[in-house]
Amino acid sequence: MPRFTVHVRDEWLTVPCKDATCSIKWLAFEALKRYIKNKPDNGGIQHIKDVHFVVRRCQGLGLLDNDDTIEDVLEDNDFVELAIEGDTMSQDFIPSQPGTSHLYLYIDNHHYISLDGNSLTSTDLVNLGKGLYMIKLTPEAEQKVVQSRELLDTIVKENKVVYGITTGFGKFARTVIPVSKLKELQENLLRSHSSGLGSPLSPERTRMLLALRINVLAKGYSGVSLETLHRMIQAFNASCLSYVPEKGTVGASGDLAPLSHLALGLMGEGKMWSPKSGWADAKYVLEAHGLKPISLKPKEGLALINGTQMITSLGAEAVERAEAIARQADIIAALTLEVLKGTTKAFDSDIHELRPHPGQKEVALRFRSLLDSDHHPSEIAESHRFCDRVQDAYTMRCCPQVHGIVNDTIEFVKKIINTEINSATDNPMVFAERGETISGGNFHGEYPAKALDYLAIGVHELASISERRIERLCNPSLSELPAFLVNEGGLNSGFMIAHCTAAALVSENKVLCHPSSIDSLSTSAATEDHVSMGGWAARKALRVVEHVEQVLAIELLAACQGIEFLRPLRTTTPLEKVYDLVRATVKPWIKDRFMAPDIEAVHRLLVDQKVWNIAGPYIEKYCMEYIPESRPSSPTAFALDPPPSPRKRVRLE
């Protein structure tokens with residue numbers, strides 16, 4: 001018999017349906033009957049037939065016609081919201097976030113990453129967030145988890161006093177808890193620590209957070225039971241995702257508030273999201289997917305929340321997106337240089353061998369591979385070959401030096417993030433092989449906090465220099481192009497305010513680049529007297545990276561518009577391919593039109609790395625053919641969307 005979960009004001013009601021040919025109106029009235037039955041005052045409803053309402057699916061918020069039959073518009077176990085006319089939307093109803101309806105694809109995904117706590121990468125983690133893979137444990141990881149749990153069970157049986165297992169937490173570390181209340185101790189920990197605020201993390205970011213916590217627990221030093229870990233994996237694979245507010249962590253002792261919210265949903269309390277239900281009470285979401293809530297054993301609550309996974313998961317996304325936009329920034333800058341009729345002499349390899357920073361040399365190499373006239377003839381470059389210009393402005397001439405340090409910064413930060421991804425960050429640590437638990441400070445988030453502050457400062461420079469190039473493109477005294485890249489200036493304003501938008505984003509970044517990790521406020525009655533503030537470091541690093549993407553999207557639009565005024569001359573083959581990619585999405589600017597959608601569309605191209613995927617093969621071919629000794633030392637230096645390591649992939653037949 002099909003059944004449906006209907007949300008009426010502050011209640012979730014399960015309504016069985018014997019006949020699926022009944023109407024949506026029938027389902028609504030059945031839910032109202034159950035709602036009134038549960039309320040002493042009938043919920044303020046005098047006559048049910050007089051109630052006016054609208055019904056919508058929780059997922060996607062699509063309105064349902066009252067006359068439609070249930071079988072035509074709903075599926076078994078669907079979640080439905082009933083909004084009574086005159087009510088405001090229920091306070092505990094959280095609309096599904098836009099742009100995430102594609103998550104239904106996760107349910108039928110049969111590609112796996114096997115986690116062992118030692119080999120996950122930031123690229124893997126981002127792919128897990130996107131729903132490209134599900135999770136399972138390696139046999140070795142399962143064995144380690146079992147061994148550490150056996151040690152904890154022994155400690156409890158022998159009535160030993162061990163922090164977090166048989167004692168309170170923080171200031172209450174010396175308070176011994178009776179064995180009969182150890183389960184309540186762990187549950188209370190999650191409930192009291194679920195005190196975060198702000199908007200919830202997106203489903204993708206919550207998947208990353210959950211996957212990373214599973215990976216850390218798989219190391220076998222946390223003492224969590226295999227049963228609990230398997231239930232977490234089942235929730236991940238079904239995309240049953242807890243409501244995790246983005247604010248509330250100080251980054252030591254770990255990301256306590258967000259990880260508590262993550263665990264609370266798994267315990268069947270608070271809110272959860274799934275592709276099937278949208279936002280609903282956690283117990284209903286789990287039940288709809290045939291899953292059981294976790295039942296906490298001694299130390300398990302602490303094991304689920306002690307660590308830097310909020311900082312690190314957001315940091316993984318930030319560093320992956322930073323890496324993607326940094327290499328595309330070289331392509332965009334090369335196109336701008338062509339439009340502004342700059343010289344390629346500043347990219348001569350001999351210059352950069354005299355200051356051999358790896359990032360600087362790599363950027364110069366990319367410029368040569370895109371602009372080398374012997375390899376890729378350019379009619380635009382040929383048109384000004386004999387001009388009297390000796391050198392270009394710094395924003396073009398110094399790209400290898402400015403973009404280069406960004407590349408080196410990203411490499412440094414990525415190394416720290418990948419180390420953190422595979423680190424045990426609990427307290428106390430459970431050493432099964434030694435037969436003891438040891439208290440330490442691996443939960444402190446200073447490493448990723450400092451690294452992500454550095455990432456924000458480094459990657460911001462891509463936007464700073466890009467905004468100056470946009471100015472040169474739009475300024476006729478510097479570009480020899482029409483003012484603001486449009487005909488009939490005055491009647492049309494062209495890119496005038498698009499440049500202002502870029503300037504505004506760069507200015508915001510200047511504030512966001514102030515390091516959060518230089519701050520510390522003592523918490524927990526001075527027990528936690530130094531903290532990292534890494535949560536804010538990660539969140540603002542992501543905002544900085546997004547602003548950089550948007551500024552470079554504006555530059556790419558402006559450079560392509562500049563090409564229009566140089567026709568019929570053509571640039572190099574790879575840059576013409578980039579131009580064609582943009583023009584397949586955004587048409588030339590003939591006269592003023594609504595510009596924001598154009599910027600957003602090109603921003604999407606950059607986020608999806610389509611500019612790199614178009615130009616990257618030309619860069620790689622140039623490197624292989626012209627200078628074989630320049631083969632990249634790392635396999636991903638010129639890789640196009642490199643797949644995660646195949647040794648960890650299992651394809652189910």
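R385 is partly exposed, with a relative accessible area of 46%, where partly exposed stands between buried, under 20% relative accessible area, and exposed, over 50%, as found with a 1.4 Å probe on protein chains only. The side chain of R385 meets that of E382 in a salt bridge, at 2.9 Å from N to O, and E382 is likewise partly exposed, at 44% relative accessibility. A salt bridge here is a side-chain nitrogen of Lys or Arg within 4 Å of a carboxyl oxygen of Asp or Glu.

This is a predicted model, in which local features need pLDDT of at least 70 and side-chain atom pairs count only at pLDDT 80 or more, while totals for chains, interfaces and linings use all residues. Residues are numbered from 1 along each chain as its sequence is written, and side-chain values use heavy atoms, with hydrogens and water left out.

**Salt bridges**

| Pair | N to O distance | Relative accessible area |
|---|---|---|
| R385 and E382 | 2.9 Å | R385 46%, E382 44% |
| R205 and E317 | 2.7 Å | R205 25%, E317 12% |
| R213 and D426 | 3.1 Å | R213 0%, D426 1% |

R205 forms a salt bridge with E317, and this pair links distant parts of the chain, since R205 lies in helix α6 (residues 203-217) and E317 in helix α11 (residues 309-339), 112 residues apart. Helices are DSSP runs of H or I with at least four residues, strands are runs of E with at least two, and both are numbered from the N terminus. Of these two partners, R205 is partly exposed, whereas E317 counts as buried.

R213 forms a salt bridge with D426, and here too distant parts of the chain are linked, with R213 in helix α6 and D426 in the loop between α16 (399-421) and β13 (429-431), 213 residues apart. R213 is buried, and D426 is buried as well. Elsewhere, K183, E187, R191 and E269 are joined in a network of salt bridges.

**Cysteines**

How many disulfides does the structure hold? It holds zero disulfides, a disulfide being a pair of cysteine sulfur atoms within 2.5 Å. The sulfur of C22 is 5.0 Å from the closest cysteine sulfur, in C17, and so it is too far for a bond. For C474, the closest cysteine sulfur belongs to C500 and lies 9.2 Å away, which is also too far for a bond. C22 is buried, with a relative accessible area of 18%, and C474 is buried at 2%.

Helix α1 (residues 24-37) has 14 residues and reaches 20 Å from its first C-alpha to its last, close to the 20 Å expected at 1.5 Å a residue; the expected span is 1.5 Å times one less than the number of residues. Among the buried residues of α1 are I24, L27, F29, L32, Y35 and I36. The buried residues of this helix pack against β1 (3-8), β2 (11-16), β3 (53-57), β4 (63-64), α2 (70-73) and β5 (79-84).

N77 has its place in the loop between α2 and β5, and N77 is buried, with a relative accessible area of 14%. Not counting residues up to four places away in sequence, N77 touches R3, F4, K276 and A288, where contact means heavy atoms within 4.5 Å.
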